[in-house]
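Here is a short briefing to read with the model open beside you. Take it a topic at a time and find each residue as you go.

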Amino acid sequence: MRTLRPLYAAIALLCAAVPARADNLLPADRPMPDVVDHYVDDLLKQDNILAAPQADAATLIRRLTLDLVGRVPTAAEADAYVASTDPDKRTKLVDRLMASPGFVRHQATQFDAMLNSVLGNDGRVRSIREYLQTALADGKPWDKIFRELMIPNEDDPKQKGASEYLRGRVTDLDRLTTDVSAAFFGVNISCAQCHDHPLVADWKQDHFYGMKSFFARSFDANGVLAERDAGLIKFKPTKGPERTAKLMFLTGATVDTDTLRELTKEEQKREKELTDKKGDKKGAKKTPAPPKFSARAKLVEVSLKPGETEFFAKSIANRMWHRFFGYGLVNPLDQMHSENPPSHPDLLAWLARDTAAHGYDLKRLVRGIVMSRAYSRSSVYPSASVPASKYFAVARLKPLTPMQLSTALKLVVVDPASFEKQKPEELEKKFEGIESGARGWANSFAQPTDDFQIGVGEALLFSNSGRVYGELLSDNGGTLLGRVKALKDPKEAVALMIKTVYTRPATESELTALSEYVRKRNDRPSEAYKQVLWALLTSAEFRFAY
């Protein structure tokens with residue numbers, strides 16, 4: 001029996017690596033939330049795993065508001081949602097949040113982090129958030145955003161800032177190749193740089209250098225992104241003679257061209273003149289002429305060609321799933337290959353097919369995911385034996401991103417009464433102002449990873465920073481603490497603080513313990529309330545989405 005184990009393992013691996021067949025998937029016209037629940041429930045049933053119950057209304061509005069617009073709900077929003085008996089209240093909440101300007105701002109921040117802003121040679125962070133916000137506000141689909149990042153038109157005001165993605169990386173083509181492959185195609189081929197991938201049979205040196213060939217002609221022409229008419233990448237394999245790389249996409253598809261050559265001396269001279277130019281008298285940079293043959297345009301063409309979108313469509317579906325569930329259908333996100341199969345291959349294939357068929361409409365994908373029952377499960381599992389994350393049987397705790405945490409901190413310390421009885425447009429302006437004021441705080445927190453732990457810097461910030469005391473624990477007019485100290489009953493004050501910070505009613509034990517804490521310090525109630533608020537803001541319940 002022992003001798004057959006390698007055979008069984010090989011058979012299991014082969015079965016897992018078989019891609020889902022389109023004709024085996026649920027019909028394309030099935031509502032996305034139903035499809036999500038069908039495939040997730042199917043695996044739970046297959047492995048005899050119990051799902052957690054649905055989250056209560058207060059938890060769900062906090063989760064949806066954080067996920068869709070990047071902030072916590074106000075106490076008034078939460079109260080109204082919890083009290084509503086409208087059977088469509090969840091649908092209406094999702095639609096309202098996704099139609100708000102906060103949705104665009106938050107998605108732009110999330111995508112900017114996903115695409116990983118880099119520090120340029122000039123010491124400036126090459127963020128593309130400004131471009132993303134314009135693109136998402138205009139409803140640009142994901143494939144068009146990808147196209148504009150790869151072949152930006154800097155003369156188009158709607159694409160302002162798009163070239164920063166490439167320009168921040170163009171002086172390091174190995175990194176550019178790795179970053180683009182990971183971010184847009186879910187594939188990390190960096191190991192194939194020195195040799196065929198030692199652990200993944202899919203990835204050869206041909207793939208790494210084939211992808212690098214699409215970028216090898218790009219260069220920084222004195223501050224302006226440019227591309228040469230020709231170029232050549234050679235690499236030394238572990239065995240055999242030096243080879244010339246083809247323009248090869250990850251699927252193995254190649255682009256035929258007669259431009260795989262070294263630049264002529266005349267072309268090198270023109271390029272040097274271009275890079276030496278300092279701009280005109282007004283300091284304006286001269287945009288280089290586009291190449292007759294753009295290798296980057298060919299990458300876009302081949303990767304979005306029908307039959308070649310396997311990686312592009314699945315990668316964005318997987319990344320968006322990860323954003324809302326805290327765990328991907330494929331993990332890690334940049335390890336999409338045959339030896340790391342998805343937990344739900346048919347679900348990933350259906351989502352990818354649907355996303356491509358609907359023109360890479362990201363809002364459709366987001367809405368379909370958050371309207372599922374799988375998304376709205378409680379984060380509390382009914383037994384001590386919690387199923388593995390890949391089952392999505394229970395909501396996973398998600399650390400707040402730097403902007404989510406910063407905005408939440410700035411929002412909950414405001415007098416909650418100031419959010420009541422205001423017109424929607426006035427509220428939106430207020431939220432935007434708070435978010436804008438929170439940006440300085442965001443730099444204090446690290447971008448969370450799947451194995452997130454509170455960093456030393458963050459712990460020290462909340463432990464002994466005068467900034468926390470001065471900006472978050474002020475009890476001046478217009479603040480939560482200012483309202484609290486005007487209340488005579490400590491229990492009422494504690495209830496208001498917990499409702500505002502945690503988006504839920506206080507428990508009896510919390511009311512008793514915290515009000516007693518305040519009463520024992522009746523000679524200095526203001527400081528006591530500050531200590532209570534500090535404890536709430538630094539708690540795990542506030543730090544995570546759940």
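Predicted model: local features only at pLDDT ≥ 70, side-chain atom pairs only at ≥ 80, totals over all residues.

Contact here means that heavy atoms lie within 4.5 Å.

**Nonpolar cores**

- The largest nonpolar core holds 106 residues, and Leu68, Trp142, Met150 and Phe184 touch the most other members.
- Helix H14, residues 310-325, gives the most to this core, with 9 residues.
- What does Phe184 touch, not counting residues up to four places away in sequence? Its partners are Leu115, Trp142, Phe146, Leu149, Met150, Tyr165, Phe311, Phe312 and Ser315.
- There is also a second, separate core of 41 residues, which includes Trp441, Leu480, Ile498 and Leu533.
- As background, nonpolar side chains in soluble globular proteins tend to be buried together.

**Helices H8 and H10**

- Helix H8 (residues 142-150) packs with helix H10 (residues 173-185) at an angle of about 170°, and their axes are 12 Å apart.
- Angles over 145 degrees count as roughly antiparallel, so H8 is roughly antiparallel to H10.
- On the H8 side the contact is made by Trp142, Phe146, Leu149 and Met150, and on the H10 side by Val180, Phe184 and Phe185.
- The residues of this contact divide into 7 nonpolar, no polar and no charged.

**Helices H6 and H7**

- The axes of helix H6 (residues 101-114) and helix H7 (residues 129-137) come within 8 Å and cross at roughly 135°.
- H6 and H7 are therefore oblique to each other, and H6 passes H7 in a right-handed crossing.
- H6 brings Val104, Arg105, Gln107, Ala108, Thr109, Phe111 and Asp112 to the meeting, while H7 brings Arg129, Leu132, Gln133, Leu136 and Ala137.
- By type, the residues of the contact of H6 with H7 are 6 nonpolar, 3 polar and 3 charged.

**Helices H11 and H13**

- For helix H11 (residues 205-215) and helix H13 (residues 295-303), the axes come within 6 Å and cross at roughly 125°.
- That makes H11 oblique to H13.
- Met211, Ser213, Phe214 and Phe215 of H11 meet Ala295, Arg296, Lys298, Leu299 and Val302 of H13.
- The residues of this contact divide into 6 nonpolar, 1 polar and 2 charged.

**Single residues and their surroundings**

- Thr355 lies in helix H15, residues 345-357. Is Thr355 buried or exposed? At 3% relative accessibility, Thr355 counts as buried, since the cut-off for buried is under 20%.
- Thr74 is in the loop between helix H3 (57-69) and helix H4 (75-83).
- Thr74 is buried too, with a relative accessible area of 5%. Not counting residues up to four places away in sequence, Thr74 touches Leu411, Phe419 and Phe431.
- Ala495 belongs to helix H22, residues 490-502, and is partly exposed, with a relative accessible area of 27%.
- Aside from neighbours within four places in sequence, Ala495 is in contact with Ala506 and Leu511.
- Ala495 and Glu510 are 15 residues apart along the chain, and their C-alpha atoms are separated by 8.7 Å.

**Backbone details to look at**

- Which peptide bond is cis, with omega near -10°? The bond from Asn331 to Pro332 is the one to find, and Pro332 is in the loop between H14 and H15.
- Asn222 has a phi near 55°, a positive value in a residue other than glycine. Asn222 lies in the loop between strand E3 (218-220) and strand E4 (225-227).
- Lys421 has a positive phi of about 55°, although Lys421 is not a glycine. This residue is in the loop between helix H17 (402-412) and helix H18 (424-442).
- Lys421 is exposed, with a relative accessible area of 87%.

Conventions
Residues numbered from 1 in each chain as written. Heavy atoms only, no water. Core = buried A, V, L, I, M, F, W, Y, C linked by side-chain atoms within 4.5 Å. Buried < 20%, exposed > 50% of the residue type's maximum accessible area, 1.4 Å probe, protein only. Helix = DSSP H or I, 4+ residues; strand = E, 2+ residues; numbered from the N terminus. Axes fitted to C-alpha atoms, helices over the stretch in contact; angles between N-to-C directions. Parallel < 35°, antiparallel > 145°, perpendicular 65-115°, else oblique. Left-handed = near helix turned anticlockwise from the far one by under 90°. Nonpolar A, V, L, I, M, F, W, Y, C, P; charged D, E, K, R; others polar.
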